[in-house]
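Colleague: Please take a close look at one part of this model for me. I would like the contact between two of the chains described, and then one residue elsewhere followed up.

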Amino acid sequence: MATQHSRSAARLMMAPAVILLLGWMLVPLSMTLYFSFKKYLPMRGGDLGWVGFDNYTRFVTSSSFWPSISATLTILGGVLAITVVLGVLLAILLDQPMWGQGVVRILVIAPFFVMPTVSALVWKNMFMDPNYGLLAYLWRFFGAEPVQWMSQASLPSIIMIVSWQWLPFSTLILLTAIQSLDSEQLEASEMDGAPILKRFWYIILPHLSRAITVVILIQTIFLLSIFAEIFVTTGGAFGTKTLSYLIFQRVLESQNVGLGSAGGVYAIILANIVAIFLMRIVGKNLDN
Amino acid sequence: MARAVSNRRRAINTALAWAVGLLIFFPILWTILTSFKTEGQAIADPPVFLFFDWTLENYAIVQERSNYMRFLMNSIIIAGGSTLLGIIVGVPAAWSMAFVPSRRTKDILMWMLSTKMLPAVGVLYPIYLLFIQLGLLDSRLGLVIVLMLINLPIIIWMLYTYFKEIPGEILEAARMDGASLGKEILYILTPMAIPGIASTILLNIILAWNEAFWTLNLTAAKAGPLTAFIASYSSPEGLFYAKLSAASTMAIAPILILGWFSQKQLVRGLTFGAVK
Amino acid sequence: MGRIVLDKVTKRFGDVEVIPPLDLTIEEGEFTVFVGPSGCGKSTLLRLIAGLEDVTDGLIQIDGTDATSLAPAKRRLAMVFQSYALYPHMSVRKNIAFPLKMAGLGRAEIKRRVDNAASVLNLTDYLDRRPGQLSGGQRQRVAIGRAIVREPAAFLFDEPLSNLDAALRVGMRLEISELHERLRTTMIYVTHDQVEAMTMADKIVVLQAGVIEQVGSPLELYKAPKNKFVAGFIGSPKMNFVEGPEAAKYGAHTIGIRPEHIEVSADSGAWSGVVSVSEHLGSDTFFHVHDTGLADSITVRADGDVGFRHGDKVFLQPREELIHRFDAQGQRIE
């Protein structure tokens, strides 16, 4: 395979992809870095000169910074906890022998293919609307006062919507992992006299640990930048302003590009920390 | 090694799994049902489930009022175009990494993956600015390019893992049998790789179709795809459940069906082969 | 046709020299086996001859013409791979026809040759099946069929039997030998199994770490191994090695004696020990004898009806004229 001729052909064939991605990464990244050290207000005077690390300190010290971090982490933690726990249970359930397994799987997976704007809108209006939403009917049916979901329980609402979207993903991955579990291993542990709960704890869960890690890391990367769900539901109000939404507002709504860019650099650093862990796992997989 | 399970246990599993499955699917089902109701029935108290006067008028109104077809066309062009472009760039790259690996191949793959992790919001303004400069704002071409770039790492990774499964010995055998590089690709590689390429295309169309950061921020009236079409219903004056449902159903139906076909590839593509 | 000459052929991967300069001539019509432990460079050597790897240095001649930088397809060699490398999306017929199609032969000629090869290899009933529907042995035959239709100058086999079960392996071994008898085409066969080497080869090339340890006929290698490595590698069960004072008696650093060249009895012999394990094969019995004071264990091969058991004390008598002597460097002393 590896003759000199094929090597140079290979390099040539790889070039377009490498060049494109290199450009995609370097050009905007260096522009963001550049702007982050400037006072730059496109609608109010444009480029107002270098300001050093001013934007970085201002972004962190602004009153919306810590709430945005806390909103980001709350959503992240909530969604991860729900999708991983329910995902494991659901994967085990779907792995059991039953009639119509294929159809059930299709039902469970469906939410992942719904575009984020649609799921946010449908949940916000048709389910969580305090007057006409289906949940309001349900609450009234049991004699309770309907919840003002989007204003009084804004973060839990968003966590619920996003979890609904991502539960299929974690279920699917965990199901794939469970199916790869050697059934002889389970049978051996059964012969050894391990009861069901112990088998789950000592055999199934450790086997899933790698898949769970992958689920957590990949979801983290996507969840750190959820946008449409907030854009469509609360527009960042009622304490749902996440870090990425805050940056979005700084850049496009208040047109403070320097400040927003500094925030962007923070977001990039945050994402990279997660990414490093993910890449370790993926990289390990490349070796074997 | 599936073991025989008593019918009783199987029945319990079935009932439980179907109940959970239907619960998860319910919001989608409810949306589809509501799209066939009149606005009055859509907010009826108590809610009506199946026994209402089925009507198609919402679909007609939505199409008429918001020009659904134009958004649909934009979605098709943007999702299809970016995927096609990605495949054209990705196939040769994945081919060479899978079949002519060098010591740097792994690093290049990892680096490509790392570009996927760049948070979009961090580079929003530069892209916005570049788009204005290049006249790409609110153009289909612009979105085709951006979505191609953000999905290119996934395309290359997926193709790479598929190509990797084609044994190198088969290509060597073809070479020993006298096939030139062109004939090797035409007669041996392509037929063997088609299933993999097809799944890659499928998954990427889904991802591009549902992408909702760049499509919302870089388009306005002209090039907006279905994500933008639906977002336009978020304004309070647009709040009519039956019409919202009809619009939503139209936006998700094509991709839901594609998605069901490609669930296996989803795992592979989105985990970059880390879970098999 | 089919004479292959390697002249100072060298292969380096980066800084690692896999094959130091190596000379070898494979005569026309000869069945040559490259044998050695895994990682000894035998497959690399075969791939260099095939043209699937570039040589770093040196020349490869096929039929008197320089083939060093010729593309694999131009060398008129056919190869049978370890994994068979059948094209999974083509029927058996198309698989076998592929090299002919690439060579641009006419449809009638292709059909004639494929049918001919299929009848020789008992594949006629399977021509319309896909490789996935065949058994391991049948796949192996298809791979061979694909090689013979081209009427190549030489066949290259890369561990072709290692994926088959034991019974099939013996059968295919015979078939390949018969094929060689009939075609009399040069064949180069790579294996790590010394039994395959001994039974099939006209000439065996023993390789270790990319270096040729010895070239010769199977019997030459069995009777006069050039060094300890070849002595230990060829023959089954392995040759016993004894060092120390016992070897010094024969004027050597190490002596080697094959298990079949030791007599075992209950009452007399030069050496003695205790039977640890006895393996009864029916026709033969192998005794692993401990506590001889010579080596950890001495293996002895006796008739099937010799019946010592674990714990029995036995005497061993080597056949003096068949003792191999080696010096401190492991080289044979004549």
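Modeller: Across the interface of chain A and chain B, the rule finds 0 salt bridges. This is a predicted model, and polar contacts across the interface of chain A and chain B come to 10 residue pairs, both partners at pLDDT 80 or more. On the side of chain A that touches chain B, helix 1 (residues 4-36) of chain A gives the most, with 19 residues. By residue type, that side of chain A divides into 74 nonpolar, 13 polar and 9 charged residues. In all, 96 residues of chain A are in contact with 104 residues of chain B. The area buried between chain A and chain B is about 9300 Å², and carbon and sulfur atoms give 79% of that area.

Leaving aside residues up to four places away in sequence, Leu77(C) touches Met176(B) from chain B. As for His288(C), 211 residues from Leu77(C) along the chain, a separation of 46 Å lies between the C-alpha atoms of the two.

Note on methods
Residues numbered from 1 in each chain as written. Chains lettered and ligands numbered in written order. Predicted model: local features only at pLDDT ≥ 70, side-chain atom pairs only at ≥ 80, totals over all residues. Heavy atoms only, no water. Contact = heavy atoms within 4.5 Å. Buried area = accessible area lost by both parts, 1.4 Å probe. Salt bridge = Lys/Arg side-chain N within 4 Å of Asp/Glu carboxyl O. Polar contact = N/O pair within 3.5 Å; in protein donor to acceptor, adjacent residues only side chain to side chain. Helix = DSSP H or I, 4+ residues; strand = E, 2+ residues; numbered from the N terminus. Nonpolar A, V, L, I, M, F, W, Y, C, P; charged D, E, K, R; others polar.
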